[in-house]
Amino acid sequence: MRQSLNAEQRNKSTRSAMRMLRASGKLPGVVYGQDRNAISVSVSTKEIQKQLRTGRTELIDLNVEGAGKIPVMLAEVQKDGYSGELLHIDFQQVAMDLPIRMKVPIEYTGTAPGVKAGGILQIQETSIEIEGLPAAIPPSIEVNISSMELGGKLFAGELALPEGITLLAPEDQLLAS
């Protein structure tokens with residue numbers, strides 16, 4: 001099930017209006033895409049923080065007041081370099097019938113027998129680049145490392161990808177050893 005997020009259109013773009021918006025718990029943002037003009041929006045800062053904490057890349061149904069439901073992905077999040085406070089967010093509209101490229105997080109599960117025998121698991125990659133229709137892109141790719149012995153290696157070509165998803169990373173890219 002896709003995540004849904006509510007947004008309100010905004011028309012003021014002055015610094016003071018942005019500060020007041022952030023102070024009220026809202027985050028200014030913009031929705032852009034190939035078949036629409038950019039829409040200035042505001043969303044709940046709390047909801048965006050929750051989305052960012054998961055680290056997952058998911059398709060979001062953005063319910064924009066006055067513009068309807070728009071399928072989007074997080075494109076960019078701007079933060080204050082000193083405090084880490086969220087300042088602005090960009091949403092990119094996606095066409096549900098066109099493939100998109102994106103990096104998806106890798107979730108390593110299980111315990112490698114090589115680690116139990118005294119080895120150290122070295123994670124080389126925490127995300128992998130894939131391509132597919134937006135509805136088919138998984139929020140993350142789960143990899144079970146329970147079969148990795150001492151000296152074992154896991155390569156990108158060994159990943160079990162969902163149907164309709166293409167691996168864009170080189171098949172010999174080392175993920176974990």
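What follows goes through the salt bridges pair by pair.

Reply: This is a predicted model, in which local features need pLDDT of at least 70 and side-chain atom pairs count only at pLDDT 80 or more, while totals for chains, interfaces and linings use all residues. Residues are numbered from 1 along each chain as its sequence is written, and side-chain values use heavy atoms, with hydrogens and water left out.

A salt bridge here is a side-chain nitrogen of Lys or Arg within 4 Å of a carboxyl oxygen of Asp or Glu; by this rule there are three.

In one of them, Glu 8 pairs with Lys 26 at 3.7 Å, N to O. Glu 8 lies in strand E1 (residues 3–9) and Lys 26 in strand E2 (residues 26–33), so the pair links parts of the chain 18 residues apart. Strands (E, at least two residues) and helices (H or I, at least four) are DSSP runs numbered from the N terminus. Glu 8 has a relative accessible area of 37% and Lys 26 one of 24%. Both are partly exposed, the class between buried (under 20%) and exposed (over 50%), taken with a 1.4 Å probe on protein chains only.

Another bridge joins Glu 131 and Arg 101 at 3.8 Å, N to O. This pair also links distant parts of the chain: Glu 131 is in strand E8 (residues 127–132), Arg 101 in strand E7 (residues 100–109), 30 residues apart. Glu 131 is partly exposed at 25%, whereas Arg 101 is exposed at 57%.

The bridge between Lys 50 and Glu 47 has its closest N and O atoms 3.6 Å apart. These two residues are three apart in helix H2 (residues 45–54), which means about one helical turn separates them. Lys 50 is partly exposed at 46%, as is Glu 47 at 28%.
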